[in-house]
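Please open the structure in your viewer and keep the sequence at hand.

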Amino acid sequence: MKSALLHNEDLVWVALIAVTITSWFLFEKMEAVAAVYTIILISGLKVGAIGVGYMEANRANRLFRYFFSAWCVGVTVVIALFRLLQH
């Protein structure tokens, strides 16, 4: 029998939904340039949360966790730099 408490996957899902709604509101209220970079950063965080929450990267060995974290940061930075270079 499952307990009534939320599991890790449920908490990640709730956080992802909350962050998505928050980013939508931020985009509506912020300047376009600031909103774009905020959305890029939030998207990078969401990728990390999905990897840890659903793909079980948190249970992998330490080297893989470091690689995954570095990949999330690297891809987010590259996307932000490409966006910056477009202007």
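Does S23 count as buried or exposed? The model to be examined is a predicted one. Select S23, which has its place in helix α1. With a relative accessibility of 10%, S23 counts as buried, because the cut-off for that class is under 20%.

Keep S23 selected and display its side chain. That side chain reaches the backbone oxygen of T20 at a distance of 2.8 Å. Leaving aside residues up to four places away in sequence, S23 touches I39 and I42.

Next, select helix α1 (residues 8-29) together with helix α2 (residues 32-53). Their axes come within 10 Å and cross at roughly 175°. The two helices, α1 and α2, are therefore roughly antiparallel to each other. On the α1 side, the contact is made by N8, E9, V12, L16, V19, T20, S23, L26 and F27.

Finally, move to helix α3 (residues 62-85) and select its end C-alpha atoms, which are 34 Å apart. This agrees with expectation, because the 24 residues of α3, at 1.5 Å a residue, should span 34 Å. Within α3, select F68, C72, T76 and A80, which are buried.

How values were computed:
Residues are numbered from 1 along each chain as its sequence is written. This is a predicted model: local features need pLDDT of at least 70, side-chain atom pairs count only at pLDDT 80 or more; totals for chains, interfaces and linings use all residues. Side-chain values use heavy atoms; hydrogens and water are left out. Axes are lines fitted to C-alpha atoms, for helices over the stretch in contact, and angles run from 0 to 180 degrees between N-to-C directions. Helices (H or I, at least four residues) and strands (E, at least two) are DSSP runs, numbered from the N terminus. Angles under 35 degrees count as roughly parallel, over 145 as roughly antiparallel, 65 to 115 as roughly perpendicular and the rest as oblique. Contact means heavy atoms within 4.5 Å. Buried means under 20% relative accessible area, exposed over 50%, partly exposed in between (1.4 Å probe, protein chains only). A polar contact is a pair of N or O atoms within 3.5 Å; within protein, one must be able to donate a hydrogen and the other to accept it, and residues adjacent in sequence count only if both atoms are side-chain atoms. The expected span of a helix is 1.5 Å times one less than its number of residues.
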